Amino acid sequence: MNKKLKKILPNIIFGIIFLVGLSIFLYPSVSNYINSKHQSRAVASYDEAIAALSKEDYSKFWQAAEEYNEALAKRPLSFNLSDEELEEYRSILDPTGTGVIGTIEIPNIGVHLPIYHGTEESVLQVGIGHLEGTSFPTGTPTTHVALSGHRGLPSSKLFTDLDQMIEGDSFLLHIMDKTFAYQVDQISIVLPEETQDLVIQNNKEYVTLVTCTPYGVNTHRLLVRAKRVDYNEETKLIVPADATRYGNLTVAPFIGAPALLVIFIIFLIRTSGWYRRKKKK
């Protein structure tokens, strides 16, 4: 090995290690950005598709959903649907034929995601799933909607920051030609088999957001329940003063990446011939 190569070899090795480390460090943020673009396109496609529907089409879908909810309220809570029940379930509130029910918007934690039928893993990787066996969002009493989302995926934020929600926070459901507003009134942590908090209550209208907790352990479920409140389309949604809350995954790259870059530059300077020559002088 010639002397010149021997001198710069440590720099090359460190540079490769640095670039690999930086790539691993930035992967969650970059991947989340890419997936956010895909999710935004799914939301935009849904909006375009429903804009082409007629009033008669809207009425037909709303009527079917409300009848489904009325029948569901008379049965015990069950998440195990037969093949026939699943077929009926998937036909409700699917105006685009893509399985998208609508979208959820949570301004406080920067969420605007499509809501899909079901909670299969393929759904939860790309958006929010509607839990089979719970009501559809129709803006009518005696309903309880459950929406489930992942936390901590390296590829997408989804419900990662749901634990930052507090009582009094609000969110919106955009379903076809209607928007429903909900205000958080109860936050609880339960075991996966404890489902009593998802039961339909007479004359009450709830939406519960569900995700795993603690972060990275996932032994329990975080339930963020909200009740229906009035929504004024002109003033939009009123949120608390500390509305925008940034999670660690969002902030970390902006702090860590410059720090790593500075360390890398310092290392290059200290190991370069220029630094050693200047030190000798």
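## Local features of a predicted model

Thr-213 is buried, its relative accessible area being 10%. The model described here is predicted. Thr-213 belongs to strand E7. Apart from neighbours within four places in sequence, Thr-213 is in contact with Arg-151, Ile-189, Asn-218, Thr-219, His-220, Arg-221 and Leu-222. The peptide bond that leads from Thr-213 to Pro-214 is cis, with omega near -5°. Pro-214 itself is placed in the loop between strand E7 (205-213) and strand E8 (220-229).

**Backbone exceptions**

Most peptide bonds are trans, and most residues other than glycine have a negative phi. Leu-93 has a phi near 50°, a positive value in a residue other than glycine. Leu-93 sits in the loop between H3 and strand E1 (100-106), and this residue is buried at a relative accessible area of 0%. Asn-203 has a positive phi near 65° and is likewise not a glycine. The loop between strand E6 (178-190) and E7 holds Asn-203, which counts as exposed because its relative accessibility is 58%, and exposed means over 50%.

**Salt bridges**

The structure holds five salt bridges.

| Acidic residue | Basic residue | N to O distance |
| Asp-163 | Arg-151 | 3.3 Å |
| Asp-161 | Lys-157 | 3.7 Å |
| Asp-185 | Arg-225 | 3.0 Å |

The side chains of Arg-151 and Asp-163 meet in a salt bridge. Both residues lie in the loop between strand E4 (143-148) and strand E5 (170-175), so this pair ties together parts that are twelve residues apart in sequence. Arg-151, which is among the contacts of Thr-213, counts as buried at 12% relative accessibility. Asp-163 counts as partly exposed, at 45%.

In the pair formed by Asp-161 and Lys-157, Asp-161 counts as buried, with 6% relative accessibility.

The salt bridge between Asp-185 and Arg-225 links distant parts of the chain, with Asp-185 in strand E6 and Arg-225 in strand E8, 40 residues apart. Asp-185 is partly exposed, at a relative accessible area of 24%. Arg-225 is buried, because its relative accessible area is 12% and buried means under 20%. Leaving aside neighbours within four places in sequence, the contacts of Arg-225 are His-144, Gln-183, Val-184, Asp-185, Gln-186, Gln-201, Tyr-206, Val-207 and Thr-208.

**Tyr-46 in helix H1**

Tyr-46 is part of helix H1 (residues 3-51) and counts as buried, with 3% relative accessibility. Not counting residues up to four places away in sequence, Tyr-46 touches Pro-95, Thr-96, Val-100, Ile-101, Gly-102, Thr-103, His-174, Ile-175 and Met-176. One of these residues, Gly-102, stands 56 residues from Tyr-46 along the chain, yet their C-alpha atoms are separated by 7.5 Å.

**A negative surface patch**

Asp-83, Glu-84, Glu-85, Glu-87 and Glu-88 form a negative surface patch. Glu-85 lies in helix H3, which covers residues 83-91. The relative accessible area of Glu-85 is 32%, making this residue partly exposed.

Conventions. Residues are numbered from 1 along each chain as its sequence is written. This is a predicted model: local features need pLDDT of at least 70, side-chain atom pairs count only at pLDDT 80 or more; totals for chains, interfaces and linings use all residues. Side-chain values use heavy atoms; hydrogens and water are left out. Patches are made of residues with over 30% relative accessible area and no salt bridge: like charges are joined within 9 Å, nonpolar side chains (Val, Leu, Ile, Met, Phe, Trp, Tyr) within 5 Å. Accessible areas come from the Shrake-Rupley method with a 1.4 Å probe; for residues, only the protein chains shown count as cover. A salt bridge is a side-chain nitrogen of Lys or Arg within 4 Å of a carboxyl oxygen of Asp or Glu. Lys and Arg count as positive and Asp and Glu as negative; His and the chain ends are not counted. The place of a charge is taken as NZ of Lys, CZ of Arg, CG of Asp or CD of Glu. Helices (H or I, at least four residues) and strands (E, at least two) are DSSP runs, numbered from the N terminus. Buried means under 20% relative accessible area, exposed over 50%, partly exposed in between (1.4 Å probe, protein chains only). Contact means heavy atoms within 4.5 Å.
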